[in-house]
Amino acid sequence: MLGPVLFFVFAVLALVGALGMLIARNPVVSALWMVMNLFSIACLYLTLNAQFIALIQILVYAGAIMVLFLFVIMLLNLGEVPRIPAFDWRKGVTFLLGVAVLAQILYVVALGLDVAPAVAVTEAEEAANGTAAAVGVVLFTRYAFALQIIGVLLLAATIGAVLLAKKRFV
């Protein structure tokens with residue numbers, strides 16, 4: 001009974017972190033909201049018995065990549081974002097309600113067409129899915145090519161961030 005409640009609490013915290021990241025005017029504050037979002041997502045993984053993925057989420061995303069983002073933000077010396085016209089809350093609420101209704105419609109249509117995955121997973125299989133061995137086997141067999149492409153993209157992003165932070169091109 002506690003699992004679904006914690007899942008809901010961390011899902012709400014993840015949404016609050018995402019909205020805070022979008023609304024914050026200062027880039028550093030925005031990055032800190034993103035850290036909160038990433039920790040909330042890691043807690044969501046823990047509620048789903050995916051301990052390894054939760055640990056990697058914290059170490060890689062909340063730790064390494066966010067530190068890199070903060071260094072780039074500080075090196076670029078970004079100040080306050082220019083004033084944006086006032087946010088119309090009615091449009092925002094309308095947008096969220098529209099997305100919620102669309103999601104419900106898609107869910108009902110998916111159930112009607114029987115395309116929603118109905119996977120019967122035992123607790124032993126569920127516990128084994130979050131382990132490092134299970135994730136490693138899937139990553140280095142089924143998704144090996146995608147993993148290499150992601151590595152190349154992250155390397156290109158890192159080189160681009162360093163070049164932007166350098167400010168003086170040779």
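This is a predicted model: local features need pLDDT of at least 70, side-chain atom pairs count only at pLDDT 80 or more; totals for chains, interfaces and linings use all residues.

Author: Residues are numbered from 1 along each chain as its sequence is written, and side-chain values use heavy atoms, with hydrogens and water left out.

Reader: Thanks! How many helices and strands does the protein have?
Author: There are seven helices and zero strands. Helices (H or I, at least four residues) and strands (E, at least two) are DSSP runs, numbered from the N terminus.

Reader: What share of the residues is buried?
Author: Of the 170 residues, 15% are buried, meaning under 20% relative accessible area with a 1.4 Å probe, protein chains only.

Reader: Which residues are buried in α3?
Author: They are A54, Q57, A62, M66, L70, V72 and I73. The buried residues of α3 pack against α2 and α7 (144-166).

Reader: Where is the kink in α3 centred?
Author: On M66, with a kink of about 30 degrees. That bend is the angle between axes fitted to the seven residues ending there and the seven starting there.

Reader: New topic: is S30 buried or exposed?
Author: S30 is buried, with a relative accessible area of 15%. S30 lies in helix α2 (residues 27-47).

Reader: And what does S30 touch?
Author: Leaving aside residues up to four places away in sequence, S30 touches M21 and A24. Contact means heavy atoms within 4.5 Å.

Note on methods
Buried means under 20% relative accessible area, exposed over 50%, partly exposed in between (1.4 Å probe, protein chains only).
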